[in-house]
Amino acid sequence: MAKTKHGMALISPQHYAHRHPVYNSWVNMRARCNSPKNPDYKYYGGRGIKHCKRWNDFKFFYKDMGEPPKGYTLDRIDNDKDYKPSNCKWSSRKQQSNNRSYNRFITYKGKKQSVGKWADEIDIDISTKNLHKRVFIRGWEIERAFNQPLKR
């Protein structure tokens, strides 16, 4: 079976699981941006998100991004901007979940963050789901949502 020049992916699509994680990230990024048949295209290429021309070639993507830490995946710093070296980083799943374009944000004491970040930061035992429900579904004031302990 033939290998690509960089040795990170098998040519055959049925061997997808054997691809190097960086190569998978590159393939998936390109599909999201370029292929209307990709299920996530509507969130990327469909709303104008592209990748830089340099990243048409995997070797430049790899040179620019390098190896990710274990368990990290490709993330854009600003979700409204394109995939390019200055706007991409490797992030954990938790970091990415706080960087989604559809996140809800809360401003409290002059600081604006996603619901998930607030849930991690406040001192009471509350999940992102419960904090979201308190503020956006039940309409609680922010002070109450953050400071009222959960009923057990």
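Ile122 is buried, with a relative accessible area of 13%. Buried here means under 20% relative accessible area, exposed means over 50%, and partly exposed lies in between (1.4 Å probe, protein chains only). The model is predicted: local features need pLDDT of at least 70, side-chain atom pairs count only at pLDDT 80 or more, and totals for chains, interfaces and linings use all residues. Residues are numbered from 1 along each chain as its sequence is written, and side-chain values use heavy atoms, with hydrogens and water left out.

The pLDDT is the predictor's confidence in each residue, from 0 to 100. Its mean for the protein is 83, and 81% of the residues reach 70 or more. Among the elements, helix H2 has the highest mean pLDDT (96), and helix H3 (residues 93–97) has the lowest (72). Helices (H or I, at least four residues) and strands (E, at least two) are DSSP runs, numbered from the N terminus.

Ile122 is found in the loop between helix H4 (115–121) and helix H5 (128–137). Beyond its neighbours within four places in sequence, Ile122 is in contact (heavy atoms within 4.5 Å) with Leu131 and Phe146. Ile122 and Phe146 are 24 residues apart in sequence, yet their C-alpha atoms are 6.9 Å apart in space.

Leu131 is buried in H5, as are Arg134 and Val135. These residues lie on the same side of H5, because they cover an arc of only 85 degrees around the axis. The arc is that of the directions from the helix axis to the C-beta atoms. The cover over the buried residues of H5 includes strand E3 (105–108), H4 and helix H6 (142–147). The face turned away from the buried side carries the exposed residues Lys129 and Ile137. Gly139 follows H5 and has a positive phi, near 75 degrees.

A nonpolar core is a set of buried Ala, Val, Leu, Ile, Met, Phe, Trp, Tyr and Cys residues joined through side-chain atoms within 4.5 Å. The largest has 16 residues; Met29, Trp55, Phe61, Met65, Leu74 and Tyr83 have the most contacts inside it. Helix H1 (21–34), helix H2 (58–65) and strand E2 (88–91) each give two or more residues to this core. H1 supplies the largest share, 5 residues. A second, separate core of 11 residues includes Trp118, Ala119, Trp140 and Phe146.

Ser25 is found in H1. At 12% relative accessibility, Ser25 counts as buried. Leaving aside neighbours within four places in sequence, Ser25 is in contact with Phe61, Leu74 and Trp90.
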